[in-house]
Amino acid sequence: MNPQVRTPSPSSPSSEIVSALRPDGTLDPQHDPGLSDQEVEFLYRQMVTTRQMDERLVMLQRQGRIGFHVGSLGEEAAILGSAFAMQKQDFLFPCYREFGAALMRGLPLQHFIDNMFGNANDTVQGRQMPNHTTCREVGWCSISSPVGTQITQAVGFAWAAKIKKTNASALVYFGDGATSSSDFHSGVNFAGVFKVPCVLLCRNNGWAISVPVERQTATKTFAEKAAAYGIPGVRVDGNDLFAVVDVTRKARERGERGEGPTLIEAITYRMGGHSTSDDPKAYRPADQLAPWADRDPIERVRDYLSRRGAWDEARESALVADIDARFREAVSIAERTPAPPLESIFSDVYETAPWHLVEQRQQLLSGPRAPSSH
Ligand SMILES: Cc1ncc(C[n+]2csc(CCOP(=O)(O)OP(=O)(O)O)c2C)c(N)n1
Ligand SMILES: [Mg+2]
């Protein structure tokens with residue numbers, strides 16, 4: 001294992017990695033983003049919501065009620081802290097693990113849950129996998145499953161924003177595995193040459209499905225790849241909410257000043273499987289989890305708020321009960337909503353359907369049909 005690529009253990013901190021939250025609950029003034037207690041509480045609530053939803057969605061998948069889920073267990077600070085640092089007019093280009101950021105930006109819960117069920121109210125009409133929703137109103141680009149493709153899309157958006165002078169930036173999420181894609185090279189190179197306002201956020205969570213980071217790259221870090229493109233690369237403790245907000249804000253501001261993109265390597269750990277279709281016990285050494293559980297991003301923020309007298313058990317229980325009620329309601333509505341109509345497979349492609357599709361549609365609708373199992 002390459003220890004340089006891994007996050008150092010809490011007992012061997014590296015000065016190369018930006019961190020803000022100290023073990024005694026205070027913040028390093030150099031990287032303190034200056035959040036109010038209300039803002040920290042808001043972010044804490046969003047992180048807990050994300051984790052609760054994650055846990056419940058896995059249960060729904062195990063019960064056979066949804067087909068798939070790809071979660072963010074342990075990566076909540078990296079995902080939500082960076083999204084929080086962006087502005088309303090910005091666009092986010094997710095990988096596939098970042099639904100919590102979409103909810104934080106205002107994606108209605110029902111919209112998300114309808115997508116998880118692929119029902120008639122799903123904006124993508126069940127044509128995409130669960131977790132692959134889209135919402136222009138909250139600046140949430142449609143998720144592209146092919147690894148790395150969102151990088152070139154985000155850079156294109158940022159380039160257009162620069163040309164049009166819209167004052168919008170892009171934030172693109174991708175994993176350590178995506179740094180091996182050709183889109184990473186094309187996108188980051190272009191972003192550097194054209195100095196586009198794009199924050200490139202690499203979630204180094206230790207794994208690309210079953211491929212560990214030391215098999216992903218021969219470089220010591222992911223951030224140092226930035227040097228090849230003439231842009232800054234920053235390593236940040238991805239389990240430190242405050243540090244993530246700080247480095248992302250600075251990266252966004254840099255882009256806004258016309259100085260170009262920044263590559264951020266957020267060092268975190270994928271505490272769950274790759275997705276509900278994966279069993280990490282087959283390849284992950286069991287002793288890897290405990291050191292990361294000690295650095296749980298949510299517990300660190302809860303500890304910070306509690307020390308300041310801004311959080312307690314009663315508020316925690318009320319929050320969890322509220323999430324539970326909202327989730328149950330959304331699932332109940334989604335399950336009562338019918339599947340997209342069969343003929344919808346012919347819509348949204350042609351403004352006027354060509355004759356052969358009209359014929360096929362008629363044949364399909366007049367043929368025998370098995371009862372719906374939805
Ligand atoms: C081009 C392409 N190749 C392979 C896959 C299958 N695949 C899906 S996710 C994934 C791993 C991605 O790992 P990483 O970029 O580290 O993101 P993470 O899942 O860890 O967040 C792979 C290989 C794919 N979706 N697209
Ligand atoms: Mg990864």
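Which residue in S8 is the bridge partner of Arg 235? The partner is Glu 265. The model described here is predicted.

- Six strands make up an open sheet, and their order is S1-S7-S8-S4-S3-S2. The pairing in this sheet is parallel.
- Strand S1 (17–18) and strand S2 (91–93) stand at the edges. Each of these two has a single partner strand, so one side of each is left without a neighbour in the sheet.
- S1 pairs with strand S7 (residues 233–237) in the parallel sense, over two bridges. In this pair, Ile 17 stands opposite Arg 235 in S7.
- S7 is also joined to S8, by five bridges, and these two strands run parallel.
- S3 and S4 run parallel and are joined by six bridges. Within this pair, Tyr 173 has Leu 201 in S4 as its bridge partner.
- Helix H5 (residues 149–164) packs on the sheet, where it touches S2, S3 and S4. The direction of H5 makes about 170° with that of S3.
- In a regular strand, side chains alternate between the two faces of the sheet.

**Helix H6**

- H6 has 13 residues. From its first C-alpha to its last it reaches 18 Å, close to the 18 Å expected at 1.5 Å a residue.
- The buried residues of H6 include Phe 184, Gly 187, Val 188, Ala 191 and Gly 192. They cover an arc of only 125° around the axis, which puts them on the same side of H6.
- An α-helix has 3.6 residues a turn, so residues three or four places apart point the same way.
- The buried residues of H6 pack against H5, S3, S4 and strand S8 (262–267).
- On the face of H6 turned away from its buried side are the exposed residues Ser 182 and Val 193.

**The magnesium site**

- Three residues coordinate the magnesium ion (ligand 2): Asp 176 (OD), Asn 205 (OD1) and Trp 207 (O), at 2.0 to 2.3 Å.
- The spacing of these donor residues in sequence is D-x28-N-x1-W. Asp 176 lies in the loop between strand S3 (170–175) and helix H6 (182–194), and Asn 205 in the loop between strand S4 (198–204) and strand S5 (207–208), so the pair ties together parts that are 29 residues apart in sequence.
- Asp 176 and Asn 205 are both buried.

- Ile 151 is found in helix H5. Its relative accessible area is 0%, so Ile 151 is buried.
- Which residues does Ile 151 touch, not counting those up to four places away in sequence? They are Val 172, Phe 174, Asp 183, Phe 184, Gly 187, Val 188 and Leu 200.
- Between Ile 151 and Ala 170 there are 9.9 Å in space, C-alpha to C-alpha, and the two are 19 residues apart in sequence.
- Ser 169 is placed in the loop between H5 and S3. Ser 169 counts as buried because its relative accessibility is 2%.
- Leaving aside neighbours within four places in sequence, Ser 169 is in contact with Met 86, Asp 90, Phe 91, Phe 157, Pro 197 and Arg 252.

**Positive phi in loops**

- Most residues other than glycine have a negative phi.
- Gln 125 is not a glycine, yet has a positive phi of about 55°. Gln 125 lies in the loop between helix H4 (109–117) and H5.
- Is Gln 125 buried or exposed? With a relative accessible area of 19%, Gln 125 is buried, since the cut-off for buried is under 20%.
- Asp 348, also a residue other than glycine, has a positive phi near 70°. Asp 348 lies in the loop between helix H10 (313–336) and helix H11 (355–366).
- Asp 348 is exposed, with a relative accessible area of 64%.

Definitions and conventions. Residues are numbered from 1 along each chain as its sequence is written. Chains are lettered from A and ligands numbered from 1 in the order in which they are written. This is a predicted model: local features need pLDDT of at least 70, side-chain atom pairs count only at pLDDT 80 or more; totals for chains, interfaces and linings use all residues. Side-chain values use heavy atoms; hydrogens and water are left out. Donors are N, O and S atoms within 2.8 Å of the metal (3.2 Å for Na, K and Ca); water is not among the atoms, so sites may look incomplete. Helices (H or I, at least four residues) and strands (E, at least two) are DSSP runs, numbered from the N terminus. Buried means under 20% relative accessible area, exposed over 50%, partly exposed in between (1.4 Å probe, protein chains only). Two strands pair if DSSP finds at least two bridges between them. Contact means heavy atoms within 4.5 Å. Axes are lines fitted to C-alpha atoms, for helices over the stretch in contact, and angles run from 0 to 180 degrees between N-to-C directions. The expected span of a helix is 1.5 Å times one less than its number of residues. The arc is that of the directions from the helix axis to the C-beta atoms.
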